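This briefing concerns side-chain interactions in a single structure, grouped by topic. Please read it alongside the sequence and the model.

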Amino acid sequence: MKDKIKVVISDLDGTLLNKEHKISEYTKTVFRELHDQNYLIIVATGRHHLDAMPIVEGLGFPLYLVTSNGARIHSPKKELLFSFDIDSDAIKSVLDLGIDSEITTVLFRENVWQTNRHNESLNSFQTELNYLPEVVDFSTVADFSSIKMFFTHDRHSKLIELRDQILKKHPDLFSHAFSLPLCLEFMDKSVDKSVAIAKILEIENFNFEQAISFGDGYNDEKMLNATAKGLLMGNSPESLKNKLFNLEVISMNYEDGVAKYLSEKVLCDGVSTVI
């Protein structure tokens with residue numbers, strides 16, 4: 001693997017980040033060593049770019065950033081290379097379905113995320129508030145065009161019902177995924193992490209057979225299956241582990257699972273966990 005792999009791809013939440021939604025010092029050390037050994041590094045996340053950029057800056061080197069599950073690509077120089085939004089009318093048609101008010105509804109806009117209600121658990125994912133929430137009455141909004149739609153509720157079954165309701169109305173309009181069991185996300189049908197990563201690989205003259213990827217959610221599924229080696233985190237939902245039974249499962253995100261695997265299996269010289 002050390003001779004074959006040239007590209008390292010990782011999700012953030014539940015994968016590269018620990019329980020405090022931060023990158024540990026050990027993980028930073030391993031990724032800096034990967035960068036020094038000329039591996040191409042890609043971070044692919046469901047987070048908005050304004051939210052994700054300060055996190056990856058902590059690694060200390062420039063990298064490719066795929067955000068909003070593939071709706072945005074930023075270059076190592078932070079140049080916007082690709083963007084794709086959901087049409088306003090498409091989003092309005094979903095909101096007109098009469099979504100249960102207990103479900104937190106979020107629209108990822110370019111500079112702010114609009115929501116129907118305050119949700120403290122969502123806010124906790126941002127250690128620094130770089131991408132601010134705005135509570136709105138969606139019935140008063142004129143333009144709904146957004147990077148993605150996001151729904152959360154403390155019962156997975158309620159989100160399953162909503163997903164089925166939306167897909168029955170619009171079977172061919174959106175791509176969707178559960179980034180976490182309690183987080184349902186909808187993007188334009190052309191948007192996926194794997195599609196965005198393919199664009200980066202083409203720019204850099206690499207291919208998926210030279211890439212290794214790490215993830216923990218259903219929004220990582222196509223990415224994990226596309227690369228030469230896809231690794232599932234130990235903290236991934238059991239339903240995803242069962243679905244992707246052919247993939248190797250590594251240790252938990254809060255145990256530096258990604259960094260330890262890369263140090264042992266990919267780096268020419270491993271990095272000690274004592275730093």
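A residue is called buried when its relative accessible area is under 20%, exposed when over 50%, and partly exposed in between (1.4 Å probe, protein chains only). The model is predicted, so that local features need pLDDT of at least 70 and side-chain atom pairs count only at pLDDT 80 or more, while totals for chains, interfaces and linings use all residues. Residues are numbered from 1 along each chain as its sequence is written, and side-chain values use heavy atoms, with hydrogens and water left out. Helices (H or I, at least four residues) and strands (E, at least two) are DSSP runs numbered from the N terminus.

**Salt bridges**

- A salt bridge, defined as a side-chain nitrogen of Lys or Arg within 4 Å of a carboxyl oxygen of Asp or Glu, is found 17 times in a search of the whole structure.
- Within helix H2 (residues 25–36), lysine 28 and glutamate 25 lie 3 residues apart, about one turn of the helix, and their side chains meet in a salt bridge with an N to O distance of 3.3 Å.
- In this pair glutamate 25 is partly exposed, at a relative accessible area of 48%, whereas lysine 28 counts as buried at 15%.
- Lysine 148 and glutamate 185 form a salt bridge at 2.9 Å, N to O; because lysine 148 belongs to strand E9 (residues 148–152) and glutamate 185 to strand E11 (residues 183–188), the pair ties together parts that are 37 residues apart in sequence.
- A network of salt bridges links Asp11, Lys193 and Asp220.

**Aromatic pairs and charges over rings**

- Rings of Phe, Tyr and Trp (its six-membered ring) pair if their centres lie within 6.5 Å, and planes under 30 degrees apart count as stacked, over 60 as edge-to-face and the rest as tilted; the whole structure holds 4 aromatic pairs.
- Phenylalanine 108 and phenylalanine 150 are stacked, because their ring centres are 6.4 Å apart and their planes lie at 25°; the pair joins strand E6 (residues 104–108) to strand E9 across 42 residues, and both residues are buried.
- Phenylalanine 151 and phenylalanine 186 make an edge-to-face pair, because their ring centres are 6.2 Å apart and their planes lie at 80°; phenylalanine 151 is in strand E9 and phenylalanine 186 in strand E11, 35 residues apart, and both are buried.
- Phe151, Phe174 and Phe186 are linked into a cluster by ring pairs.
- A charge sits over a ring if NZ of Lys or CZ of Arg is within 6 Å of the ring centre and within 35 degrees of the ring normal; the charged end of lysine 148 is placed in this way over phenylalanine 108, 4.5 Å from the ring centre, and lysine 19 lies over the face of tyrosine 254 at 4.1 Å.
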